[in-house]
Amino acid sequence: MENRKDHRPIISNYKGFNFISNVHDQKHLDSLETFEIRETDVFVITYPKSDTGTTWFQYLLSLLYYSNEVEGEDAKMTIEVVPWIEVHMKKQDYCKKPSPRLFVSHLPYNLIPNGLKEKGKVIYVARNPKDVAVSFYHFHNFSNFLENQESFGDFLNKFLHGNVFGSSWFDHIKDWYSHKHEFDFLYITYEEMNKDLRSSVLKISHFLDKKLDEKTIDMIVEKGSFKNMKNNPVANSERLSSEHFDRSKGSFLRKGKVGDWKNLFTVAHNERFDEFYWKAMKDVPLDFIWDPCE
Ligand SMILES: Nc1ncnc2c1ncn2[C@@H]1O[C@H](COP(=O)(O)OS(=O)(=O)O)[C@@H](OP(=O)(O)O)[C@H]1O
């Protein structure tokens with residue numbers, strides 16, 4: 001990953017999807033269509049900032065499969081254990097990675113390796129898009145490889161129209177959800193994980209055919225809490241090179257709340273959002289929790 005001072009455009013479109021020029025490399029993206037999938041591969045797919053997706057699931061999957069590697073003095077960062085498939089990490093050859101291989105990804109349905117329809121498992125993590133927009137807005141100002149955003153209103157317009165990294169939240173979820181039957185697929189939301197992490201860990205481990213004893217479940221739930229992850233350098237991504245982030249402006253684990261959008265949305269933002277949302281999602285059988293009291 002290079003710093004954005006190299007003057008390339010920040011966003012570049014590849015086959016209809018917006019990537020980050022300094023982070024995603026076209027040759028690597030080209031190789032993904034035919035990337036060979038194994039039976040034991042697990043892919044966690046999210047739109048950016050839906051997290052779990054990423055930061056949360058990277059840690060949960062690390063604990064589920066490779067807890068020794070993320071503990072102790074030589075602990076690896078979770079990004080090394082559960083990398084983004086679409087990011088070419090220089091020291092890693094994903095083809096040679098031992099099984100089971102775990103990946104996170106923001107890729108849209110049409111760019112995912114073809115072989116995943118035959119083998120492997122997919123977990124799609126969704127989050128209510130008002131909280132996604134707010135988290136994403138803060139992330140733009142925190143990271144040095146995305147454009148700073150002055151006004152939330154302007155950012156919201158870009159988000160609604162898909163003029164951001166990750167393109168349209170609406171297209172991402174609709175495409176994945178409408179093709180879910182093509183995969184061994186689990187759909188889970190940020191909100192349900194936030195409300196009841198224990199039940200979510202059980203749901204995830206059941207889907208992954210992992211039998212866990214009570215002690216292990218307790219350990220994962222305890223370590224995977226927002227508070228513990230925020231203070232854990234292995235899980236909070238703070239070891240990632242500081243030139244890529246302005247630590248005075250935020251962190252990966254920012255608030256970790258459901259309903260934070262209410263602190264930033266004006267009534268006008270909310271009306272604009274709702275109108276857009278209901279048009280785009282009218283035929284989609286998905287509900288979101290927008291408020292922690294729901
Ligand atoms: N353990 C835990 N509990 C609750 N919330 C958590 C947790 N881990 C990550 N998060 C929240 O997830 C948001 C970041 O999303 P991503 O990791 O997908 O971001 S990214 O796309 O990979 O940059 C970001 O949301 P916001 O706090 O709303 O910005 C993180 O705080």
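Colleague: Is Lys96 buried or exposed?

Modeller: This is a predicted model in which local features need pLDDT of at least 70, side-chain atom pairs count only at pLDDT 80 or more, and totals for chains, interfaces and linings use all residues. Residues are numbered from 1 along each chain as its sequence is written, and side-chain values use heavy atoms, leaving out hydrogens and water. Buried means under 20% relative accessible area, exposed over 50%, and partly exposed in between, with a 1.4 Å probe and protein chains only. The relative accessible area of Lys96 is 69%, so Lys96 is exposed.

Colleague: Which residue forms a salt bridge with Lys96?

Modeller: Side chains of opposite charge can pair when their charged atoms come close. The criterion for a salt bridge is a side-chain nitrogen of Lys or Arg within 4 Å of a carboxyl oxygen of Asp or Glu. With the closest N and O atoms 3.7 Å apart, the partner of Lys96 is Asp93.

Colleague: How many residues apart are Lys121 and Asp209?

Modeller: These two form a salt bridge, with 3.7 Å between the closest N and O atoms. The pair links distant parts of the chain, from strand 5 (residues 121-126) to the loop between helix 8 (197-207) and helix 9 (214-223). Helices (H or I, at least four residues) and strands (E, at least two) are DSSP runs, numbered from the N terminus.

Colleague: Which residue is linked with Lys121 and Asp209 in a network of salt bridges?

Modeller: The whole structure has 16 salt bridges. Lys121 and Asp209 belong to a network of them together with Asp184.

Colleague: What is the N to O distance between Lys262 and Asp291?

Modeller: Lys262 lies in the loop between helix 10 and helix 11 (267-281), and Asp291 in the segment after helix 11. Lys262 is partly exposed at 41% relative accessibility, whereas Asp291 is buried at 18%. Their side chains meet in a salt bridge with an N to O distance of 2.2 Å.

Colleague: Which residue in the turn between strand 1 and strand 2 has a positive phi?

Modeller: Strand 1 (residues 11-14) and strand 2 (residues 17-20) pair in the antiparallel sense over four bridges; pairing requires at least two DSSP bridges. Asn13 has Asn18 as its bridge partner, and Ile11 stands opposite Ile20. The strands form a hairpin with two residues between them, and the one with a phi of about 50 degrees is Lys15.

Colleague: Which residue has a backbone N or O atom 2.7 Å from an oxygen atom of the ligand?

Modeller: The ligand is surrounded by 25 residues, each with a heavy atom within 4 Å of it. A side-chain N or O atom of Trp56 is 3.0 Å from a ligand nitrogen, and one of Arg254 is 2.8 Å from a ligand oxygen. The backbone atom at 2.7 Å belongs to Gly256.

Colleague: What share of the ligand's accessible area does the protein cover?

Modeller: Helix 2 (55-66), helix 4 (129-142), helix 7 (190-195) and helix 10 (226-230) each supply at least two shell residues. Accessible areas come from the Shrake-Rupley method with a 1.4 Å probe. On its own the ligand has 640 Å² of accessible area, and the protein covers 97%.

Terms used
A polar contact is a pair of N or O atoms within 3.5 Å; within protein, one must be able to donate a hydrogen and the other to accept it, and residues adjacent in sequence count only if both atoms are side-chain atoms.
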